[in-house]
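I opened my notebook to jot down a few things to look up in this model.

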Amino acid sequence: MKAWILEKQAKIEEKPLRIEEAPTPHPKDNEIRIKIYACGVCRTDIHIAEGDLPLRKSPLILGHEIVGVVDELGREVRNFKSGDRAGVAWLNNACGKCKFCLSGRENLCPHAKFTGWNVDGGYAEYTTVPADFAFHLGEKLSFVEIAPLMCPGIAGYRAFQLTQAQKGQRLGLYGFGPTASYVLQVAKFLGVETFVITRSERNRNAAKELGAIWVGGYEDNLPCKLDAGIIFPPAGNLVEIALSQLDSGARLVLAPVTMTPIEIKDYNHIWMERSVISLANISRKDGIEFLQIADEINIKTKLETFDFDELPETLIRAKHGKVSGNAVIKVA
């Protein structure tokens, strides 16, 4: 099969990935093989390629927003059949035995393996995955539309769940990119009022079109206190701003993988049982619930598609913010 291979980390502008013929994988007894139709491009792929994250496998096939069709089954697989639409996300497998797995927190499993990091990912024509960690996909959205949902979509849904926001409550979204757009659509569907705080006029307009109750900038006064909030940019200075806008007992979720230093100068902003929690990875439950909702509401995705052989240039464009929405590589 054709695959983009990373052996040595380097700046993405140096194009460290190369395309070559690689052995086509075959599934183990508990695995399925997926013929890949599309794979989304994630900033985490760039972090791995450039060395911001350690290289856990070499050679490595990056990519963890994988969608396609099952074309080969392991002998023990019962939950998929050949021809099923299937997706693979960041969490590739977990041990199932540690205290985190046994308490429904497999996203924190210290033995977890991640797609496109510990194991080969989706910048290839085929991939294998444990059947219990693959997702069944609905029929309403195309493969290209579903691909970005496999990472920013599911991660955004987990961030939303962590806020514990309930129907009729008010949720603040700080920053408004693709992930926040998915959260807004889910929140609206579940009856949560959404307030969007962002600098970009273009993003403000997009938030209004998707049904935000209120849209403004960081310098604007909100019309009311919020019951929950999610920060998407990796900007630690936003934490105290957001806390100052939350009501008593509210929870603030930090969605970035990394963040600049956080400083809370005024204790009153965190007093009255306001809390801060970070997002870490995803669980299968998050993926199942989110993909069902996304299919039901025919979730809107903003993306650009690129051919398989354009991957190096696409990664460069994604790094420099020159992609409108999510970048998706068409494989088959």
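I started with Met272, which sits in the loop between strand 14 (246–254) and strand 15 (275–278). Helices (H or I, at least four residues) and strands (E, at least two) are DSSP runs, numbered from the N terminus. Met272 has a positive phi of about 65° although it is not a glycine. I also found Met272 partly exposed, at a relative accessible area of 37%; buried means under 20%, exposed over 50%, and partly exposed in between (1.4 Å probe, protein chains only).

A note on the source: this is a predicted model, where local features need pLDDT of at least 70, side-chain atom pairs count only at pLDDT 80 or more, and totals for chains, interfaces and linings use all residues. Residues are numbered from 1 along each chain as its sequence is written, and side-chain values use heavy atoms, with hydrogens and water left out.

Next I looked up Asn281, in the loop between strand 15 and helix 8. Phi of Asn281 is positive too, near 65°, and Asn281 is partly exposed at 27% relative accessibility.

Then I checked Pro59, in the loop between helix 1 (43–50) and strand 4 (66–73). The peptide bond from Ser58 to Pro59 is cis, with omega near 0°. I noted these spots because most residues other than glycine have a negative phi, and most peptide bonds are trans.
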